[in-house]
Amino acid sequence: MCGIVGYIGKKPAVEMLINGLKALEYRGYDSAGLYISGEQCVRSIGGVDNLYKKLPKGISGTAGIAHTRWATHGKPSEENAHPHSSPSGSIFVVHNGIVENYIDLKNALEEQGSVFSSKTDSEVIAHLIEKQIKDGDTFEESVVNTLKIIKGSYGIAVMNTQEPEKIIAAQNGSPIVLGIGNDEYFIASDVSAIVKHTKTVLYVKDGECVVITPTSHNIFTINLKPLNRKTEEVVWNTEQVKKGGYKHFMLKEIMEAPEVLKNSARGRTLRETGDVKLGGLEEIADKLTHTKRIVIVGCGSAYYAGMLGKQYFEEIAGIPTEVEIASEYRYRTILQNKGTVVLAISQSGETADTLSCINEANNKGCLTIGVVNVVGSSIARAVDAGVYNHAGPEIGVASTKAFLSQLEVLLLIALYIGRKKNISSSEGKIIIDEINKLPQKITRVLAQNKKIERIAKKYAHSKNFLYIGRKYSYPIALEGALKLKEVSYIHAEGYGAGEMKHGPIAMIDESFPTIALIPSDSVYEKTFSNIEEIRARDGKVIAIATQGDKKISAIANDVLEIPQSLELIHPILTTVLLQLFAYHIGVHRGHNVDRPRNLAKSVTVE
Ligand code: M6R
């Protein structure tokens, strides 16, 4: 959680930092602050706009660090906002992550006379750095020696009033990227904050530190051993991180679905042979194909994507697969061994619980794989192999296009394995043809946007919703309910349609609408019966069905349609309808759907 930006160069730092923070607000937005070298430290509660309003005119310093916060230790307040300073005011620190031993460290420092001005875990870092300098360390030594004392995770950027033309940053579990421009350097939590200024970046790794000055950058280990790391060129452009004319990022990102599905599959399907080509899995292809067990881990929407992945892997790849909520899996007895493949799904690649499962699996000698959107993120770097989503930056806090691409990538991986096992070339071709038709079919689904908006308005006053689906549609029912909860704050429950009569049907009455996923598939009749049971109790039903299904129009109150396709493609098509439905209800109820209350985009705390 939280976002860091640092700038050092020839231009006024304020503008660079404020723009960078705006791009990072999706990481947290309850308070923000900045420190400009030689000038002042300003902090404010609320989003970056509030901070901007509070800045005095005429700040012209050309080096500084800034932070946007999502509170973990200490409530959102000005005192708890970053940067935090040392007792004498010589050290300024912005920090992402958690200092787990901060209470012990704080107690020890207080016994020595330190006075703390915040309730955060982060402030101890500034105090410790100043203490090390007083004890004779150089600035660099003071930072690395402090990092050796603190336990937990961090991405930090530090400035020292005694060396105003220097920023030191370091990473352990919370990402830091270095941006290299013309006579200017940047530090950020991710590239979206700096891509406007430079595309040349270096992803700092755990245990590494970087020092930037107006004319140089140096990277070294926490033991001060110099490193020679190569820079990379970022492919994202600035347009990708703007709203592109849409009212909200969420809508823009839903509407990007055709492009996203194209990009996630681009160059990965071989129509002639029915094969899938996944460069990121080539080296481990043999191990993966012969594994006896796959465990998928993820949180939130990623977990629901994993539920569908399980069905794909079992049916297409023929591999027994379990899917686990990462925050649960990591704390119970795990029977995994060298033969187990652990596959993490994560948009951000930074979700602490998912990362921890991967670290644990790596320790146990399992083969680890990532399905990750953010290139160079912590999970992407921790796994043995992986497949990037190529969905582009997702700014809306509620996952939409990334979730969609996760479904497609999981299908591609299943077919990749399946073709090496028991899926024939002609079977492969059939699936690939449908994957290739997805962008065009999803465009037809999105064309119902106005109709969805009308239906959403009609039901927007409801206090509860039930989402039901079976087989491939079951995980999508869960995801649909989550999406509605996130952006509309309406209570919604996702349920297996067949489970409904084992409990939830008790809630149904005319004020409790149900979204029923009923594409024309192998369980159509079963789901149809469940809808009849709801209608018999006066429950309203909004059905998501296949085009041309006359039977459903006769019984449901409202119908939204997907084009005909293979059964296993249906969930990809139905997903966007549910995303649009949630979007319109959220907007109609007056909520900021891009930044729902209490949420943050990447959950880097446990
Ligand atoms: O970045 P990740 O995919 O690892 O994030 C996992 C969840 O935190 C995320 O999917 C969350 O549930 C979203 N808010 C869903 O919209």
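Helix α11 (residues 352-363) has twelve residues, and its first and last C-alpha atoms lie 16 Å apart, close to the 16 Å expected at 1.5 Å a residue. The expected span is 1.5 Å times one less than the number of residues in the helix. Helices (H or I, at least four residues) and strands (E, at least two) are DSSP runs, numbered from the N terminus.

This is a predicted model, in which local features need pLDDT of at least 70 and side-chain atom pairs count only at pLDDT 80 or more, while totals for chains, interfaces and linings use all residues. Residues are numbered from 1 along each chain as its sequence is written, and side-chain values use heavy atoms, with hydrogens and water left out.

In α11, the buried residues are Ala352, Asp353, Thr354, Leu355, Ser356, Cys357, Ile358 and Ala361. Buried means under 20% relative accessible area, exposed over 50%, and partly exposed in between (1.4 Å probe, protein chains only). The cover over these residues of α11 includes β17 (293-298), α10 (326-329), β19 (340-346), β20 (367-372) and α12 (378-382). Just after α11, Gly365 has a positive phi of about 85°.

Asp353 lies in α11 and counts as buried because its relative accessibility is 9%. Neighbours within four places in sequence aside, Asp353 is in contact (heavy atoms within 4.5 Å) with Cys299, Ala326, Ser327, Arg330 and Glu606.

In α9, 14 of the 18 residues are buried, so this helix is largely enclosed by the rest of the structure. The end C-alpha atoms of α9 are 24 Å apart, which agrees with the 26 Å that its 18 residues should span at 1.5 Å a residue. Gly318 follows α9 and has a positive phi, near 65°.

**Ligand site**

The shell around the ligand has 13 residues, of which Ser346, Gln347, Ser348, Thr351 and Glu486 come nearest. A residue is counted as near if one of its heavy atoms lies within 4 Å. α9 (300-317) and α16 (473-488) each supply at least two residues of this shell, and α9 gives the most, with three. By class, the shell residues divide into four nonpolar, seven polar and two charged. Ala, Val, Leu, Ile, Met, Phe, Trp, Tyr, Cys and Pro count as nonpolar, Asp, Glu, Lys and Arg as charged, and the others, Gly among them, as polar.

| Residue | Protein atom | Ligand atom | Distance |
|---|---|---|---|
| Thr351 | polar side-chain atom | oxygen | 2.4 Å |
| Ser399 | backbone N or O atom | oxygen | 2.7 Å |
| Glu486 | polar side-chain atom | nitrogen | 2.4 Å |

The protein covers 90% of the 410 Å² of accessible area that the ligand has on its own. Accessible areas come from the Shrake-Rupley method with a 1.4 Å probe; for residues, only the protein chains shown count as cover.

**Two loop residues**

Gly396 lies in the loop between β21 (385-388) and α13 (401-420). Gly396 is buried, with a relative accessible area of 1%. The C-alpha atoms of Gly396 and Met250 are separated by 5.0 Å, although 146 residues apart along the chain. Beyond four places in sequence, Gly396 is in contact with Phe249, Glu253, Asp594 and Lys601.

Arg537 is in the loop between α17 (524-535) and β25 (541-546) and counts as partly exposed, at 43% relative accessibility. Its C-alpha atom is separated by 7.6 Å from that of Glu510, 27 residues apart along the chain. Not counting residues up to four places away in sequence, Arg537 touches Ile505, Ile508, Asp509 and Glu510.

Notes
Polar contact = N/O pair within 3.5 Å; in protein donor to acceptor, adjacent residues only side chain to side chain.
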